[in-house]
Amino acid sequence: MTTSNPEENGRTQITSAFRKAQETQTAALMPYFTLGYPDIETSLDIIESAAANSDLLELGIPFSDPLADGPTIQHSTQVALENGVTVAACMEMVRQLRSRGVTTPACFMGYYNPIIAYGLERFVNDAQAAGIQGVIVPDLPPEEAAELVEYARRAGLAYIYFLAPTSDQARIEQVTTQASGFIYLVSLTGVTGARSSLHADLEAFINRVRAKSEVPLAVGFGISTPEQTAAVGALADGVIVGSALVNAVNEASEKAAAAASFTKSLQSALRRTGLPN
């Protein structure tokens with residue numbers, strides 16, 4: 001578990017989390033989980049358990065049309081919406097996690113419509129006050145993100161950009177010159193969800209971005225097993241696992257314990273692998 005320093009801002013807390021992982025000779029582990037799934041209290045228990053074995057957290061804000069997500073996370077967000085989970089409720093859940101003693105740096109992962117309906121400046125300020133360190137918005141391209149990026153900068157939060165295997169050199173240079181915290185590398189073309197294998201060109205893609213980037217590179221989408229986590233951790237600075245964690249919880253009666261066990265297996269795999277060369 002990486003703990004945040006209240007004297008640091010969100011951007012520096014994320015940077016510190018990656019640095020601390022590097023000091024232990026591993027890539028950083030960042031699990032994703034949907035806030036409010038399968039219900040509010042259980043999701044808090046699950047996230048608290050996962051945080052104990054994690055360097056950072058990605059906390060999903062439910063949305064009715066999660067275009068980047070596959071069926072597992074789509075289902076979790078739909079259930080959370082049916083439970084009445086709103087952006088304001090997500091803010092409250094983060095406050096509750098912090099009051100429970102969860103200090104792992106965390107990023108909101110949410111789509112643009114709910115954020116703009118909440119109010120961009122209000123969203124960023126409330127997120128920072130609740131205890132969030134970064135913001136990830138998968139359906140907001142860099143060309144349209146300037147206002148939200150500026151509000152995040154003023155609040156000391158990292159705004160996380162995406163790059164995909166299809167990103168050309170101009171997009172890579174655009175993102176790497178603006179990035180803070182880390183860059184989210186999408187491991188494949190498609191939506192989130194567990195896969196049986198990693199993309200064959202993943203290493204070349206990571207190396208293309210690393211040649212231009214001064215911030216850590218975290219890879220997500222399609223990573224589902226300790227073996228895949230270790231393979232990605234040998235190439236990148238961070239590994240993001242979402243659908244596989246949701247699946248592990250779905251299959252268990254003791255859901256918080258399942259989250260702890262699953263994230264522990266990923267953490268152990270990273271420690272056996274070490275850092276990218």
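Student: What covers the buried residues of α3?
Tutor: The cover includes β1 (28-34) and α11 (243-250). Helices (H or I, at least four residues) and strands (E, at least two) are DSSP runs, numbered from the N terminus. This is a predicted model, with local features needing pLDDT of at least 70 and side-chain atom pairs pLDDT 80 or more, while totals for chains, interfaces and linings use all residues. Residues are numbered from 1 along each chain, and side-chain values use heavy atoms, without hydrogens and water.

Student: Which residues of α3 are called buried?
Tutor: Thr72, Ile73, Ser76, Thr77, Val79 and Ala80. Buried means under 20% relative accessible area, exposed over 50%, partly exposed in between (1.4 Å probe, protein chains only). Pro71 and Glu82, on the other side of α3, are exposed.

Student: Why do the buried residues line one face of α3?
Tutor: Seen down the axis, they fall within an arc of 160°, so they line one face. The arc is that of the directions from the helix axis to the C-beta atoms. An α-helix has 3.6 residues a turn, so residues three or four places apart point the same way.

Student: How does the reach of α3 compare with the expected span?
Tutor: The expected span is 1.5 Å times one less than the number of residues. Helix α3 (residues 71-82) has 12 residues and reaches 16 Å from first C-alpha to last, close to the 16 Å expected. Gly84 follows α3, with a positive phi near 85°.

Definitions and conventions. Contact = heavy atoms within 4.5 Å.
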